[in-house]
Amino acid sequence: MSDTTTDGTPTELHEVTHTRVYAASRELIFACMTTPEHLTHFWGPVGVSTPIENITVDLRPGGAFTTDMVNDATGEVYPTRGVYVEITAPERLVWQEAGSDNDHPITTSVTFTDLGDGRTEVVSHQTNLPPHYVSEEAQAGLLTSFDKFAAYVEAL
């Protein structure tokens, strides 16, 4: 498994790219990222759950992608509301969600590359991130989400 992170812009809005390799087919990884029955098992950082009834996936351009993550300790809810922009199964997903600057929605692009040996490289690229999304703490939390995803995929 490999991770890389880059902060691409010196302005108020930032970019982050994470690359990770998973020991599963591209089709399975894509299905996990687009199916509530899978997403409920790993979506969100450690210490947060995402009940299946809090997940909406309308997998088409213009369709909704929403989650309500719940803090396991406090019950606090963290909503995410996105709209799919591009879907090329099983190669690419792009969605946008409102950030703190509604003129610049956060865009997440995920590419899935079949490495030819049963493994899939997943590159997640986010743009228009406000500064608190690229803080060391926020990025560490995001990386725990990828760890949860890896553990879930390994168990399948």
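Of the 156 residues in this chain, 41% count as buried, where buried means under 20% relative accessible area, exposed over 50% and partly exposed in between, with a 1.4 Å probe and protein chains only. The model is a predicted one: local features need pLDDT of at least 70, side-chain atom pairs count only at pLDDT 80 or more, and totals for chains, interfaces and linings use all residues. Residues are numbered from 1 along each chain as its sequence is written, and side-chain values use heavy atoms, with hydrogens and water left out.

Next, the elements. The chain has 3 helices and 9 strands; these are DSSP runs, helices being H or I with at least four residues and strands E with at least two, numbered from the N terminus.

Now the core. The largest nonpolar core holds 24 residues. Such a core is a set of buried Ala, Val, Leu, Ile, Met, Phe, Trp, Tyr and Cys residues joined through side-chain atoms within 4.5 Å. Among the residues with the most contacts inside this core are Met33, Trp43 and Trp95. Elements giving it two or more residues include α1 (26-34) and β7 (92-97), and α3 gives the most, with 5 residues.

What does Trp95 touch, leaving out residues up to four places away in sequence? The list includes Met33, Trp43, Phe65 and Val110, contact meaning heavy atoms within 4.5 Å.

Last, Glu37. This residue lies in helix α2 (residues 36-39). Glu37 counts as partly exposed because its relative accessibility is 49%. Not counting residues up to four places away in sequence, Glu37 touches Ile52 and Tyr152. Its C-alpha atom is 9.8 Å from that of Glu53, 16 residues apart along the chain.
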